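Thank you all for coming; I would like to walk you through one structure today, going from a single side chain out to the whole fold and back to a few particular places.

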Amino acid sequence: MCTLEKRGNLFFLTLTGDDDHRLGPAVIESLVSALSQLKSQATRGSVLITTAQGTKFFSNGFDLAWARSADTKTGAVDRLHQMVASFKPVVAELISLPMPTIAALPGHAAAGGLLLALSHDYILMRRDRGVLYMSEVDMGLPFPDYFAAAMRSKIGSASARRDVMLRGAKIRGDEAVRLGIAESAHDSAESALEAAVRLGEQLAQRKWNGEVYAEIRKSMFPDLCAVLGVSERVITPKL
């Protein structure tokens with residue numbers, strides 16, 4: 001599950017519960033609800049910081065144990081497809097959210113958890129532990145279309161995309177910064193969150209028009225927006 005808290009101009013979306021923070025149906029539904037609530041409360045200067053309780057995982061991806069608990073193999077595949085389909089609106093909401101977004105990772109971000117992090121404008125990691133990891137190639141699972149589109153849109157280096165998608169590389173904080181995936185790496189989960197708050201406060205001071213900010217973000221990732229079904233809006237400039 002997750003909680004949404006407002007402190008001044010900063011909104012804190014926090015994954016709660018067990019330390020894996022698996023993206024099962026209830027968690028995904030909770031995220032969709034929180035993001036919808038957040039969008040309705042957005043004002044000039046709003047900033048989102050997404051993090052998680054604990055120090056092991058930001059999120060370990062879809063709840064495969066729930067999928068495998070189905071009575072049949074077909075049922076397990078159907079449950080996996082259900083999670084893939086229901087998580088797509090989470091990514092779409094983050095890409096179209098009318099405010100800057102920051103992911104402060106207290107630990108590992110794997111598979112769907114990495115996609116959740118990549119759906120933010122900025123990723124802040126810890127360097128002492130925690131990796132970014134796309135496990136699909138190791139598990140024998142193909143990438144959903146919007147996962148692949150996000151990789152193409154958010155990881156600028158072709159060699160980095162190759163290593164993430166085709167080698168299942170586990171990328172630590174300093175390397176993620178070098179590759180341009182993460183904004184910064186810090187010595188602990190606490191210092192990563194503190195840095196996210198400082199960045200959030202700096203961004204909030206700009207008091208940007210959130211609708212304009214969202215449209216500029218969309219224009220940066222047309223391939224991803226097309227796959228997500230996120231359309232651009234025409235906003236009349238105020239001169």
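Predicted model: local features only at pLDDT ≥ 70, side-chain atom pairs only at ≥ 80, totals over all residues.

Let me start with Arg126, whose side chain reaches the backbone oxygen of Thr55 at 3.2 Å, and whose side chain also reaches the backbone oxygen of Pro106, in that case at 2.7 Å. Arg126 belongs to strand S7, which covers residues 122–126. Is Arg126 buried or exposed? Its relative accessibility is 7%, and because buried means under 20%, Arg126 counts as buried.

Now let me step back to the whole protein, which has 11 helices and 10 strands. Its C-alpha atoms fill a box of roughly 60 × 40 × 35 Å, taken along the principal axes. For 239 residues, a compact globule would have a radius of gyration near 18 Å, and the 17 Å of this protein agrees with that. Of the 239 residues, 52% are buried, and among the contacts with a separation of 6 or more, 72% are between residues 24 or more positions apart. The accessible surface comes to about 11,200 Å², with 51% of it belonging to carbon and sulfur atoms. As for charge, there are 28 positive and 26 negative charges, and their mean positions are 4 Å apart.

Next, helix H10, which runs over residues 210–220 and in which Gly210, Tyr213, Ala214, Glu215, Arg217 and Lys218 are buried. In general, an α-helix has 3.6 residues a turn, so residues three or four places apart point the same way. Which elements cover the buried residues of H10? They include helix H3 (73–95), strand S5 (101–104) and helix H11 (222–228). At the start of H10, a side-chain oxygen of Asn209 reaches to within 2.9 Å of the backbone nitrogen of Glu211.

With a relative accessible area of 44%, Lys207 is partly exposed. Lys207 and Gly45 are 162 residues apart in sequence, and yet their C-alpha atoms are 3.9 Å apart in space. Beyond its neighbours within four places in sequence, Lys207 is in contact with Asn9, Arg44 and Gly45.

I will finish with backbone angles. Most residues other than glycine have a negative phi. Lys207, however, has a positive phi near 50 degrees, and Ala111, which is not a glycine either, has a positive phi of about 50 degrees. Where does Ala111 sit? Its place is in the loop between strand S6 (108–110) and helix H4 (112–118). Ala111 counts as buried, with a relative accessibility of 8%, whereas Lys207 is partly exposed.

How values were computed. Residues numbered from 1 in each chain as written. Heavy atoms only, no water. Helix = DSSP H or I, 4+ residues; strand = E, 2+ residues; numbered from the N terminus. Buried < 20%, exposed > 50% of the residue type's maximum accessible area, 1.4 Å probe, protein only. Polar contact = N/O pair within 3.5 Å; in protein donor to acceptor, adjacent residues only side chain to side chain. Rg over C-alpha atoms; globule rule 2.2 N^0.38 Å. Contact = heavy atoms within 4.5 Å. Areas by Shrake-Rupley, 256 points an atom, 1.4 Å probe, with all protein chains shown as cover. Lys, Arg positive; Asp, Glu negative; His and termini not counted. Charge placed at Lys NZ, Arg CZ, Asp CG, Glu CD.
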